[in-house]
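Please have the sequence and the coordinates at hand.

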Amino acid sequence: MNNFDLQALVRPNIWALKPYSCARDEFKGREASVFLDANENPYNGPLNRYPDPLQEEVKAVLSRIKGVPAENIFLGNGSDEAIDLIFRIFCNPHVDNVVAIQPTYGMYGVCADINDVSYRNVNLEEGYRLNADKVLEATDMHTKAVFLCSPNNPSGNALDPNEIEKILVNYQGIVVVDEAYSDFSDYEPFRLKLAQYPNLVVLNTFSKAWGCAAMRLGMAFASKEIIGLFNKVKYPYNVNLLTQQKALEMLSDITKIQKWIVSIKKERASMLPAFADLPICEKVYPSDANFFLAKVKDANALYNYLIDNGIVVRNRNNVALCGNCLRITIGTPEENCALLAALRKVK
């Protein structure tokens, strides 16, 4: 059993922090019709008013869709805000470290650098498989968090849930499971296991399956206590009114989102073998995401060729364990056909 001690992990100044008190928090629970408390312009409603700092209406709807109590949900300016908060809440600069798999999403390392926290890489095994023992071996008394992206970016594969759970059980720090692409996977999402693991933080986003990357709305699911720390440290009005309104609009039409997911998974099923048949392709890796990773004969030359033809993919040639690899997003049927047609002309 994991002897998880949240207070021991949190930076002492954060644990003792008295958060900024929003004007809207101070009369919460009582009715009001005249607002003269926040130095707002009385004209141009509703944009003249500060937004709900805790996005309660959005969380109530999201709770029903995601199967997670509202008190276990944090909403931020993209999931990058939640990633940064983990460093700010738990990691002392110059002292603490975090452990992450390699290759993976680059913002974990960027946030570590910004917060002056040591960042330790653990290479994935062949086929981009997670080895829990190697991750655990990389931790020490100053390791405050482990970052696991599943399905992983850029490899596209879902990590073995048994290996993830092994880390959750045997490591007493925060375990972050970034499920930005989980809607395209058939694995059970880890957000449904919060009650089992008090050290678990699960990330999700409106950017992928929900088609709302421009909205910049990210989600974190965790214990009530960890969510309380997120809300304590975040900036007061971190999610604006327009984003909250658009989120409610998107959440009201879940059938449309499900159709998008089905369409993308169908295109993925046809794109992987079609790409593998191209003469320029050496290997296509299995994918549980809305993209796939492919090893080609000359990634740099092929990337430049596609750019010259007005097609943009992601060159991952310089990423660890991804030599001569391109990461390709699943597009519309027309976009996918345009990509394949262009590549079939390469000699």
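Leaving aside its neighbours within four places in sequence, which residues is L148 in contact with? They are I101, L130, L159, I164, I167, V175, V176, V177 and D178, where contact means heavy atoms within 4.5 Å.

The model is predicted: local features need pLDDT of at least 70, side-chain atom pairs count only at pLDDT 80 or more, and totals for chains, interfaces and linings use all residues. Residues are numbered from 1 along each chain as its sequence is written, and side-chain values use heavy atoms, with hydrogens and water left out.

**Nonpolar cores**

- A nonpolar core is a set of buried Ala, Val, Leu, Ile, Met, Phe, Trp, Tyr and Cys residues joined through side-chain atoms within 4.5 Å.
- Buried means under 20% relative accessible area, exposed means over 50%, and partly exposed lies in between (1.4 Å probe, protein chains only).
- The largest nonpolar core has 53 residues, of which L130, L148, I167 and F206 touch the most other members.
- A second, separate core has 34 residues, including V117, A145, V176 and V201.

**Aromatic pairs**

- Rings of Phe, Tyr and Trp (its six-membered ring) pair if their centres lie within 6.5 Å; planes under 30 degrees apart count as stacked, over 60 as edge-to-face and the rest as tilted.
- Nine aromatic pairs are found in a search of the whole structure.
- One of them is the stacked pair of F87 and F147, at 5.5 Å centre to centre with 10° between the planes.
- This pair links distant parts of the chain, with F87 in helix α4 (residues 79-90) and F147 in strand β4 (residues 143-149), 60 residues apart.
- Helices (H or I, at least four residues) and strands (E, at least two) are DSSP runs, numbered from the N terminus.
- Y108 and F147 are also stacked, because their ring centres are 4.9 Å apart and their planes are at 25°.
- Here too distant parts of the chain are linked: Y108 belongs to helix α5 (residues 107-114) and F147 to strand β4, 39 residues apart.
- F87 and F147 are both buried; Y108 counts as buried at 0% relative accessibility, and F147 has the value 0%.
- One aromatic cluster is formed by F87, Y105, Y108 and F147.

**Charges over rings**

- A charge sits over a ring if NZ of Lys or CZ of Arg is within 6 Å of the ring centre and within 35 degrees of the ring normal.
- K193 places its charged end over the ring of F190, 4.4 Å from the ring centre.

**Sheet β8-β9-β11-β10**

- These four strands form an open sheet in that order, with antiparallel pairing; two strands pair if DSSP finds at least two bridges between them.
- β8 (281-284) and β10 stand at the edges with a single partner strand each, so one side of each is left without a neighbour in the sheet.
- Strand β9 (residues 291-296) pairs with β11 over five bridges, and strand β10 (residues 314-315) pairs with β11 over two.
- Within β11, T329 is the bridge partner of F291, R327 is that of R314, and C325 stands opposite K295.
- Strand β11 (residues 325-329) is largely enclosed by the rest of the structure, because four of its five residues are buried.

**Two buried positions**

- N97 lies in strand β2 (residues 97-102) and is buried, with a relative accessible area of 2%.
- The side chain of N97 makes a polar contact with the side chain of T143 at 2.6 Å. A polar contact is a pair of N or O atoms within 3.5 Å; within protein, one must be able to donate a hydrogen and the other to accept it, and residues adjacent in sequence count only if both atoms are side-chain atoms.
- L343 lies in helix α12 (residues 333-344) and counts as buried at 1% relative accessibility.
- Not counting residues up to four places away in sequence, L343 touches F275, L278, L302 and L306.

**Helix α3**

- In helix α3 (residues 56-66), the residues V58, K59, V61, L62, S63 and K66 are buried.
- The buried residues of α3 pack against β1 (73-77), β6 (200-205), β7 (217-221), α8 (224-233) and α9 (241-251).
- G67 follows α3 and has a positive phi, near 70°.
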